[in-house]
Amino acid sequence: MSGVSPIEPGASPSGARPAAVSSRPALAAEGLVKHFPIRTGVFGRANAHVRAVDGVSFEVGAGRTFAIVGESGCGKSTVARLLLRLIEPDAGRIALDGEDLRAAEGAVLRRLRGRIQLVFQDPYGSLNPRMTAGDMLAEPLMLHGTAEASARGARVSELLSQVGLRADAARRYPHEFSGGQRQRLAIARALAAGPRVIVCDEPVSALDVSIQAQILNLLADLQRRLGLAYVFISHDLAVVRQIATDIGVMYLGRFVETGPAATVFATPRHPYTRALLSAVPVPDPAARGREPAIGGDVPSPLEPPPGCAFHTRCPHADARCRAETPPLAPTGEGDGVALACWRWREIAPPASARAARTRPDPALARLQAAFAR
Ligand SMILES: Nc1ncnc2c1ncn2[C@@H]1O[C@H](COP(=O)(O)OP(=O)(O)OP(=O)(O)O)[C@@H](O)[C@H]1O
Ligand code: SF4
Ligand SMILES: [Mg+2]
């Protein structure tokens with residue numbers, strides 16, 4: 001099954017990991033809400049709220065990558081900070097392998113914090129410039145108790161090797177590494193805590209394209225070897241296309257389309273997803289929904305538009321769109337996709353046309369089989 005699916009209110013998240021290991025997803029988020037108060041005036045009263053995250057649910061299984069995409073300011077990093085409990089949600093639930101992260105305190109919280117780690121866009125933000133790489137890797141080993149004191153040196157060397165750095169890198173300081181090497185070190189530091197889930201917030205956005213590919217390959221390789229679950233945040237759909245197994249397209253604090261990445265990329269149905277994808281170069285332009293590039297700016301999350309928040313930019317908006325908020329609901333086509341749009345059936349290409357596009361041409365399949373022999 002897909003590693004991600006919207007969690008119906010009140011329902012428990014269903015499992016995405018192999019049953020022999022656990023029937024629960026590595027990470028499940030349910031109904032996350034974060035509204036930041038804006039305080040003004042002499043008494044500093046909150047007279048407005050930025051609705052940064054407004055009811056986000058998803059789950060991701062071991063060995064899978066759930067990508068969160070959307071324009072700047074739509075709430076991606078806020079979701080990341082909520083998942084790590086760097087900020088507290090106003091509502092919602094976060095479970096790691098079925099354990100409630102929000103309810104955890106003290107030693108339990110410390111243990112669970114090791115299970116979910118964050119890799120940022122700018123590794124400088126997470127690497128202490130006054131510590132050597134070796135000390136930086138030894139610190140989480142000690143903090144999370146993932147290696148005995150006598151085994152720490154060997155584990156540091158192993159971590160460096162796992163991310164493609166030489167053992168002598170342990171003696172170097174962050175400024176002595178290149179940008180790509182620093183991101184490798186940040187990944188090693190995340191691994192040192194023994195995580196099951198890594199949240200990557202724009203992890204390759206600051207890197208040259210050739211280095212981006214190396215880091216994406218490293219992440220994919222580590223995932224295969226260690227069965228890690230990734231939440232991969234990016235505004236770059238070309239990067240997401242390479243790494244995601246599942247995807248959530250976010251607009252003004254909510255998902256508007258979720259589902260298996262291959263299906264969403266091949267047959268985007270929400271007008272926002274179609275508009276986002278129309279800006280991405282793909283080998284077969286006929287394989288994505290044709291939609292004009294989106295005009296206008298994202299409305300302020302201080303005062304999101306009523307009804308469907310996308311209606312101010314959507315070429316298909318009608319009176320109902322302006323008045324009623326569409327819920328994120330499964331398509332009912334058994335494809336694992338959920339959409340928040342009143343009109344997707346009317347405006348998306350018919351299912352028969354989509355099926356024809358995604359089903360391999362029998363003549364082509366025979367030809368490919370002949371080449372494969
Ligand atoms: N501490 C805060 N106080 C008030 N508003 C905040 C705070 N943190 C984030 N916001 C606002 O919440 C909204 C979502 O921000 P967030 O950083 O999650 O967006 P993002 O999708 O990660 O954007 P980007 O792609 O630019 O990184 C934005 O309007 C932002 O200004
Ligand atoms: S609900 Fe209406 S405004 Fe919103 S995306 Fe669908 S068609 Fe456009
Ligand atoms: Mg961000």
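Start by selecting Asp97, which sits in the loop between strand 4 (91-96) and strand 5 (99-100); strands here are DSSP runs of E with at least two residues, helices are runs of H or I with at least four, and both are numbered from the N terminus. The model you are looking at is predicted, so local features need pLDDT of at least 70 and side-chain atom pairs count only at pLDDT 80 or more, while totals for chains, interfaces and linings use all residues. Residues are numbered from 1 along each chain as its sequence is written, and chains are lettered from A and ligands numbered from 1 in the order in which they are written.

Stay with Asp97, a residue other than glycine whose phi is positive, near 50°.

Leu252 is buried, because 23 other C-beta atoms lie within 10 Å.

Now show ligand 2, whose surroundings include Pro271, Cys308, His311, Trp342 and Arg343, counted as near when the C-beta atom, placed from the backbone, lies within 6 Å. The shell around ligand 2 holds nine nonpolar residues, two polar and one charged; Ala, Val, Leu, Ile, Met, Phe, Trp, Tyr, Cys and Pro count as nonpolar, Asp, Glu, Lys and Arg as charged, and the others, Gly among them, as polar.

Finally, zoom out to the chain, with its 13 helices and 12 strands, where buried residues make up 43% of the 373 residues.

Technical notes
Buried ≥ 20, exposed ≤ 12 C-beta atoms within 10 Å, placed from the backbone.
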